Each structure stands twice: as structure tokens, then as C-alpha cells.
Amino acid sequence: MSSPGTVFVCHRDNDCSTTAAASTAAAAAASEGLVQRIQRLGYFGHTLYLSPRTPPTPSLSSAATVVQQKQDDNATGASSHVRVQCHVRTRIPSEFGHATHSLLLYSNTEDSEEHLALVFGYSRTSPGGIWSKSLEAVIPGETSRDRIIRGASQLEPSTDFPPSPTGELSAPLARIHSCCFTGETLGSLRCDCREQLIEAMKLMGSESRGVILYLKQEGRGIGLRDKMRAYNLIDQGYDTLEANIELGHPSDARSYQIATAILRDLQIPAVRLLTNNPHKVKSIVADGVVVSERVPMVPASWANGAEDAEVQDRDGYLVTKVQRMGHILDIPEEILSGTKTSPNLKRKTSQRASPDSASKRTK
């Protein structure tokens with residue numbers, strides 16, 4: 001498809017260029033369609049190395065083809081998964097639903113963060129119960145008190161329990177949620193993260209079954225410091241995609257391999273995924289998880305009618321995610337027109353950096 005050593009760099013303003021150790025006009029022409037497809041997928045800001053010895057570029061295959069390829073890789077040992085370990089579980093009495101929920105803490109082989117899973121309906125014995133294989137495994141030499149402290153079930157260690165019978169029931173609701181200190185703790189109106197988290201808890205509480213995977217990926221993976229810097233750029237007229245790229249990051253730097261590894265540990269092969277992000281769906285499908293349904297997450301102010309709603313910063317944020325990052329959400333006309341006229345949200349193109357400065361930056 002391209003000569004060895006060819007590099008594609010996608011910059012701000014959708015400008016993709018190529019450089020190569022041994023590039024030719026023919027190689028560039030052959031790769032033009034791929035660059036266009038990468039743009040449509042929203043991989044702006046990524047450096048994609050397209051040579052036989054480097055990782056493959058994002059696949060645009062159908063979900064079924066991707067799953068089959070992943071199964072083939074697993075069967076031949078060609079693919080290695082991220083590994084996770086659940087260290088502790090504790091009960092979380094909640095205002096969302098009558099059942100008591102379980103909070104599980106995980107380590108992993110991909111990073112040093114402690115990621116979390118909030119499980120609705122944790123049980124080793126109930127039909128449809130969700131439980132962690134790594135947590136419930138017997139540790140040599142441990143006592144009953146040890147198991148109590150780490151939250152493992154107090155059952156006979158020699159007893160074998162079958163996996164959760166998810167095939168006999170509908171797939172549980174699942175939400176892969178990236179932590180957001182500003183929204184969830186401070187109540188910031190720059191995003192809808194807190195609203196999405198609460199809505200997911202309400203829905204799973206009503207079904208008494210489901211899982212929220214709470215990942216430490218602040219600011220779509222760029223961290224709190226650069227997220228705050230991006231906010232300052234947004235106040236100068238950049239949108240959320242442009243701000244990340246201006247700081248040298250991809251538009252979305254998150255990964256979902258840890259999430260799928262936790263789902264495997266919880267023995268959940270299929271989910272009804274709460275998301276507006278098609279890239280999230282494609283990512284976990286590519287890692288072997290079946291998404292039986294994508295459940296939209298519509299902002300309450302949009303769902304209840306936006307005629308009298310005051311346009312907030314988060315509305316501009318959501319409009320950008322729909323228009324420039326491919327998220328699936330119907331934008332009310334009142335919101336769309338409001339984000340174009342609001343003095344706090346309209347783009348101040350005269351204050352942006354020139355395209356030349358962006359193209360010179362190393363991604």
C-alpha cells in the first residue's frame with residue numbers, strides 16, 4: 001500500500017502530509033485514499049507509521065470481520081491482551097437503585113493507574129450475576145480474614161462456579177467512562193461528564209445489573225494539567241479538538257484495551273454500550289467484545305426541549321464532538337444557532353495560531 005518508512009502526519013485544520021525515507025509520487029498517490037479515510041475517522045494529531053514492521057493502521061472493516069480476525073489471532077497466539085488484576089471489592093450503598101453495588105479496584109500491565117469498575121449485581125451464584133475471576137481466585141496461604149479484607153466471596157475455596165450465564169440473558173448495560181475532576185467533582189458546565197455518569201448509574205440501578213468502567217483518562221487522555229491549558233485555549237476561540245492538537249496531543253488520546261480486559265475478567269462477552277462515540281464502539285469490538293446495542297446518551301437539556309434553554313459552554317463542546325469528531329447525537333436547532341451567536345462560544349478565528357505554526361510542530 002505504501003513504501004516502507006512512509007509516515008502520515010495529520011495536523012490541525014484536517015491537513016495531512018506525507019514524508020518518507022524513500023517516498024515516491026506513486027506511493028503518495030496510492031495512499032491518498034487511506035489519508036482521506038483516516039481524516040473521516042477523526043485521527044487528527046496522530047502520527048501513523050505505515051510500514052510492514054509497524055503496528056497496523058486503524059481498520060475500517062466491518063465489526064464482524066474485526067471480531068473474526070481477533071478470534072483468529074487469539075487462536076494462533078498472534079495477539080497479546082492487556083492483563084488486569086482486581087485487588088479489592090467493597091460495597092457501595094447508592095441512591096441509584098435498591099441493590100447494593102460493588103466497587104472493584106484494578107491494576108494492569110499497560111499503565112500504573114488504578115482503574116475502577118462499579119458493578120451492579122455482583123454475585124457468584126445468582127443467574128446473570130457478574131463477578132471477577134481474578135478477585136475470586138484463591139491466593140495460596142490466604143485465610144478467611146484475608147478474603148474478607150479484599151472483598152472476595154466467603155465460599156469454599158474448592159468450589160467451582162460457572163461463568164455468568166450472559167448468553168441466556170440480555171447483555172448487561174455498560175459504560176466506559178473517563179474520569180473528569182472538573183465536571184464530576186466541581187460541577188463544571190464545560191462538559192456533560194457528570195450528567196452521563198449519573199444517568200448510567202440510574203439506568204443500571206433500575207435494572208440491578210450492569211458495569212461502569214471508570215478509567216483514569218482525564219481530558220480524553222491528556223491529563224488534568226493539559227486539560228486546563230486546553231480550556232484556556234478554548235476561551236481564546238479554539239474548539240475542544242483544536243485545543244488538544246495545539247498542545248501536541250491527538251484529538252482523543254484515550255485507549256480502551258484496559259476496559260476490555262476488565263470486561264473479560266468480569267466474564268462479560270457482550271454489552272449494551274452507553275455511548276455516543278462510534279470510535280469507542282469500534283475499539284472494543286476490535287478487541288473482541290460484542291456490542292449488541294449502542295444506547296445513546298442524550299443531554300437532559302436537549303432531550304427535554306431546548307427552546308428556553310440557556311446555551312452553556314458544554315453545548316459548544318458537544319456540538320464540536322458531533323460535527324468534528326463523529327459523535328452520534330441530534331443537535332437541536334436552538335442549540336446549534338445559539339452556539340454560533342453566543343459571545344462566549346463563538347470561535348474567534350483572529351486569535352488562533354496560524355496553520356504554519358501547527359504544521360511545524362512535531363506530533
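Which residues point one way from β6, and which the other way? In this predicted model, His-115, Ala-117 and Val-119 are directed to one side of β6, whereas Leu-116, Leu-118 and Phe-120 are directed to the other, and all are buried. In a regular strand, side chains alternate between the two faces of the sheet. Strand β6 spans residues 115–120 and is mostly covered, with six of its six residues buried.

With strand β5 (residues 101–108), β6 pairs in the antiparallel sense over five bridges. Leu-116 of β6 is the bridge partner of Leu-105. Six residues lie between β5 and β6, and the two strands form a hairpin. With strand β8 (residues 210–215), β6 again pairs in the antiparallel sense over five bridges. Here Phe-120, one of the buried residues of β6, stands opposite Gly-210 in β8.

Gly-210 also provides a point of reference for Arg-175. The C-alpha atoms of Arg-175 and Gly-210 are 8.4 Å apart in space, while 35 residues separate the two in sequence. Arg-175 is located in strand β7 (residues 173–178). Its relative accessible area is 5%, and Arg-175 is therefore classed as buried, the cut-off being under 20%. When neighbours within four places in sequence are left aside, the contacts of Arg-175 include Val-211, Ile-212 and Leu-213. Among the other residues in contact with Arg-175 are Ala-200, Met-204, Leu-274, Thr-275, Lys-280 and Met-297. Gln-196 is likewise in contact with Arg-175, and the side chains of Arg-175 and Gln-196 are joined by a polar contact of 2.6 Å.

The cysteines were examined for disulfide bonding. A disulfide is a covalent bond between the sulfur atoms of two cysteines. The structure holds zero disulfides. Cys-179 is in no disulfide, and the nearest cysteine sulfur, belonging to Cys-180, is 7.6 Å away. Cys-179 is buried, with a relative accessible area of 11%. For Cys-191, the closest cysteine sulfur is that of Cys-193, at 3.5 Å. Because a disulfide requires the two sulfur atoms to be within 2.5 Å, the separation between Cys-191 and Cys-193 is too far for a bond. Cys-191 is also buried, with a relative accessible area of 5%.

Key:
Residues are numbered from 1 along each chain as its sequence is written. This is a predicted model: local features need pLDDT of at least 70, side-chain atom pairs count only at pLDDT 80 or more; totals for chains, interfaces and linings use all residues. Side-chain values use heavy atoms; hydrogens and water are left out. Buried means under 20% relative accessible area, exposed over 50%, partly exposed in between (1.4 Å probe, protein chains only). Helices (H or I, at least four residues) and strands (E, at least two) are DSSP runs, numbered from the N terminus. Two strands pair if DSSP finds at least two bridges between them. Contact means heavy atoms within 4.5 Å. A polar contact is a pair of N or O atoms within 3.5 Å; within protein, one must be able to donate a hydrogen and the other to accept it, and residues adjacent in sequence count only if both atoms are side-chain atoms.
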